[in-house]
Amino acid sequence: MKKMIALSLLLMAGMMLFARGSKESGKTVVEIWHSNSGPSGTAFDEIVDDFNSTIGEEKGIVIEAIYQGLANDVLTKVKAAASADISSLPDIAQLDATACLDMRNADYLILPESADIEISEIHPAAIEALMSDKGLLGVPFNASSLLFYYNKTLFDSLSLNPPETLDDFAAIAPLLGEKDSTGKVTRYAFAGVPATYELGAFIGAQKGLSYIVDEKNGHMGTPSKVLFEEDGTFRNFLGHWKALYDTGFVNNITSGISTEFAAGRTATMLASSSSLTAVINTVGGRFEVGTAFVPMTDEEATGGVNIGGGAFFLFDSSDAVKTVIEYFVSQDVQMKWAEDTGYLAINTALYDNPEYLAFLDENPAFKVATEQMLQSNPAVTSIWLPSAYQIYYSFQSEIRAVTEDGKDIDEAVHDMATLIQRAIDEYRAQNID
Amino acid sequence: MPAIALALCFSVIPFLKTFVSSFLTISQSGKAIGFAGLDNYKTLFEDKAFISSIGNTLRFTLYFLPLNTVMTFLAAALTRRRRKCTWIMEAIFITPLAFSLSAFALVFKEIFRGEVSIINRILHTSLLWLDRPGSAMAVLVILGLFLDFAIDYILLTAAFRSIDRSVIEAAEIDGAGEVRKLFAIETPMIATMLSITVFMALKDAILISAPVMILTEGGPFRSTETIMYFYYLEAFKSGNRAYESAISSMMVITSAIIMGIIAVLRRKDA
Amino acid sequence: MLKALRILLLGIIGMIILFPMAYTISLSFFQNVDFTDSYAHFFPSAFTFENYVTASANRYFPRYALNSIITSLMAAFFRLIVTTMAAFAFTHLSFKGKKVILIMLLSTLFIPYDAILFQNYSTIARAGLIDTYWGIILPSVFSASSLLFMIGAFSSYDRDVYDAARLDGAGDIRYITGILIHLTAAVSATVFIQTFITSFGSYLWPLLVTNRPRMRTVQVGITMLGFSETGDAGAEFASIVMITAPFIIMLQILRKKIMDSMDIKEGESV
């Protein structure tokens with residue numbers, strides 16, 4: 001015990017001598033808090049180093065990129081820093097789409113417009129994703145969307161193509177699935193229960209463009225009304241989805257879906273396009289991974305998918321920040337970023353860039369994701385809602401009730417609409433406009 | 001007293017602020033815009049999800065508390081006297097202390113993952129553990145047991161071994177059997193430590209949130225969403241300040257009441 | 001009969017406790033395909049150290065590990081001092097308002113950590129302790145649960161010993177360091193180890209109060225490797241083993257001391 005104490009004291013004394021380090025001098029420092037880990041972290045560091053040794057060197061700007069944990073942690077840190085002392089905020093923070101609602105209400109946020117940032121080359125779908133009544137909230141950087149993953153080896157052996165609509169899917173599901181002699185399903189056609197992310201596409205795409213709540217899914221102000229009930233879009237989706245489920249080859253699980261896919265126990269799944277590298281990694285060559293557009297709810301559901309992912313939010317409007325942001329969305333950086341990480345490149349000039357097109361041809365799985373974004377209606381956006389997770393769970397529970405317990409579709413839709421309406425009303429009461 | 005100063009700085013004062021704000025209407029950006037009285041509490045209790053989170057927490061406590069007590073008590077009682085091989089068991093029983101919550105959660109996810117999981121292979125079942133409400137709760141309880149086991153084991157063993165030898169010898173002379181000795185003589189003597197471990201387990205059960213966050217995220221279908229995880233979601237994910245302050249105030253008051261009851265009961269015993 | 005039952009019970013509990021930990025080690029050698037095979041593996045299909053190489057790839061890792069060790073040692077050390085003093089005061093001294101203060105301190109047990117996260121951050125930020133070791137450890141120095149354990153341990157000792165020591169002219173500090181600490185070594189050591197390990201395992205707080213890479217701790221370093229995003233589960237388990245192994249060794253070394261200290265005490269009290 002005594003030895004332990006002595007040892008700890010000695011160590012501590014030694015450590016106290018480590019004083020704070022020196023500051024970069026003479027150059028403007030642009031501090032970025034980011035959440036890129038693993039291969040994305042390496043790519044991000046390289047992009048930053050590249051800036052510091054070229055443009056930065058020239059203009060006297062140094063990017064200091066600080067990893068601040070997962071995207072969610074970065075948001076927590078930004079909020080904590082803002083609540084303690086605005087000056088402790090970084091110049092730029094990379095946050096994901098779930099931060100939009102917080103950022104719209106944050107008085108310390110600097111809009112890209114005020115920082116005079118050039119956004120004409122950025123793809124409109126990525127812009128719309130971050131557009132609010134106050135204007136564009138942040139500058140898109142790591143964009144992604146929902147993507148349909150399938151076991152290409154299996155599809156090829158059955159000479160099937162990925163389904164274009166949910167009805168197509170229901171038709172081929174019995175072929176994709178497999179049962180053992182006892183009637184137990186050994187391979188499902190699909191695994192997962194759609195929630196907010198998936199419904200953004202399944203409902204948003206209907207009739208070319210549909211909203212879940214008013215104010216353009218909450219982007220243009222605090223929503224006041226649920227739309228999917230009177231529009232009949234949710235009802236329509238549930239009808240098709242139930243038909244798919246009734247084939248007996250949909251596995252209503254909410255966790256471990258990608259492992260089930262990698263193990264070959266489900267023929268398809270829906271996941272973010274940013275998971276592509278991880279999915280291929282986990283499958284480990286057991287079969288070929290194919291990607292396709294997310295199946296449409298019906299023939300008229302042509303809106304495609306919404307763009308999500310991450311963006312840079314600014315807390316400073318200096319010229320240095322402008323230079324840095326414009327560097328990150330430039331062609332070269334976006335190309336390297338997309339190639340190294342699998343995120344969607346958002347610089348429109350790249351879609352004619354032969355080098356980038358060559359990369360897409362070599363990586364068909366990436367190409368599909370990019371094409372899906374290009375063919376989607378940019379106005380299809382994610383929902384910005386308070387109590388987002390309550391709504392998330394309500395979607396999943398009601399879909400399960402409809403498929404497994406035979407709950408009436410209209411009743412389920414009504415229950416969901418009521419729950420969301422109440423969350424909206426409560427929120428409005430607390431945040432009187 | 002440094003303890004008091006620290007507690008004041010980092011626990012009591014922040015909490016009092018929260019308590020006051022539970023009676024106010026507070027906007028997303030944190031400004032108080034009016035006095036709400038008990039309205040925040042009223043809406044909270046009208047929320048079905050909150051009510052079900054209370055149910056989930058009670059269920060967790062109901063399974064966890066007895067299991068934890070019996071298991072740690074058994075382990076400590078069986079190894080309370082040193083024999084030739086007790087050191088092996090001691091070594092095994094204290095090892096969980098080295099594992100952090102996140103480490104255990106990750107391993108448990110793997111052990112109970114999907115249909116083709118190692119646990120199904122061992123038990124010859126084909127249960128989707130983490131995807132069925134009942135079994136997900138069971139996994140959560142097991143994880144809870146692992147988290148508390150080692151520390152409770154050490155505390156109880158320490159208590160057993162600090163019992164005065166002469167008392168036990170006296171009982172032996174009286175011809176008391178092993179079992180009788182354990183329950184009639186030794187257990188009452190470690191009553192203080194036993195009640196502390198039970199109390200801590202109760203506290204851990206009522207406040208459980210981090211294991212839920214890492215293991216099940218409240219799923220499937222909100223069946224493992226406990227009060228504190230609900231709180232975490234509302235406070236951090238939804239930014240619902242009204243719920244945030246109302247729940248935390250309520251939790252502390254409830255626990256103060258529980259503590260009060262325990263204190264009164266103990267006084268009666270003595 | 002009784003002996004057989006004892007061994008059987010111990011065997012069962014031991015197996016249950018041991019399994020997840022042993023399985024972690026096995027998992028740390030798994031290849032990617034082993035995780036998703038059509039039947040669950042007990043052992044990896046091939047034996048390589050590849051996962052360990054991947055897991056130790058962070059260039060800052062040694063520095064992170066050092067930070068973690070320092071902050072954890074500091075937290076454990078100061079918590080032990082603070083809680084020992086406080087527990088001593090509550091069990092051996094009588095002063096005005098003792099009950100009230102004790103209840104106030106213990107009610108912090110139930111204050112959810114998340115509830116006061118931002119306010120603690122503000123306190124630390126205003127004190128200018130961002131990016132310092134003190135910032136990382138201060139909020140964890142006082143812990144009501146550790147205090148409770150210490151009180152539990154202290155209260156099982158007779159006041160007679162204290163009174164005798166006082167008569168011999170020993171001051172309070174001398175009594176604590178010379179006698180009490182030794183009598184309750186098992187519990188003190190447990191509090192020390194537990195604080196050390198929890199502190200080592202904490203993620204969000206150290207992340208919040210540090211900005212510079214050289215102040216970061218190991219847990220942050222691990223998320224930085226992004227194994228969960230790349231689907232590299234084997235490396236994730238390898239990093240768990242790497243972080244946990246030193247603690248297991250430390251525990252096993254200390255185990256002998258903890259358990260021995262109990263025996264000596266038994267001898268003395270006869």
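**Confidence, contacts and core of a predicted model**

Chain A averages a pLDDT of 87, with 94% of its residues scoring at least 70; pLDDT is the predictor's confidence in each residue, from 0 to 100. Residues 16-24 of chain A fall below 50, and this stretch has three contacts in the model beyond near neighbours in sequence. Two residues count as in contact if their C-beta atoms, placed from the backbone, lie within 7 Å. This is a predicted model, so local features need pLDDT of at least 70 and side-chain atom pairs count only at pLDDT 80 or more, while totals for chains, interfaces and linings use all residues. Residues are numbered from 1 along each chain as its sequence is written, and chains are lettered from A and ligands numbered from 1 in the order in which they are written.

Now for how chains C and A meet: 33 residues of chain C are in contact with 33 residues of chain A. On the chain C side, α6(C) gives the largest share, five residues (helices are DSSP runs of H or I, at least four residues, numbered from the N terminus).

Of its 289 residues, Val139(B), Leu143(B) and Leu156(B) touch the most other members. Helix α7 of chain B (residues 133-161) supplies the largest share of this core, 19 residues. Leaving aside neighbours within four places in sequence, Leu143(B) is in contact with Phe104(B), Ala105(B), Phe108(B), Pro211(B) and Leu215(B).

Definitions and conventions:
Helix = DSSP H or I, 4+ residues; strand = E, 2+ residues; numbered from the N terminus. Core = buried A, V, L, I, M, F, W, Y, C linked by C-beta atoms within 7 Å. Buried ≥ 20, exposed ≤ 12 C-beta atoms within 10 Å, placed from the backbone.
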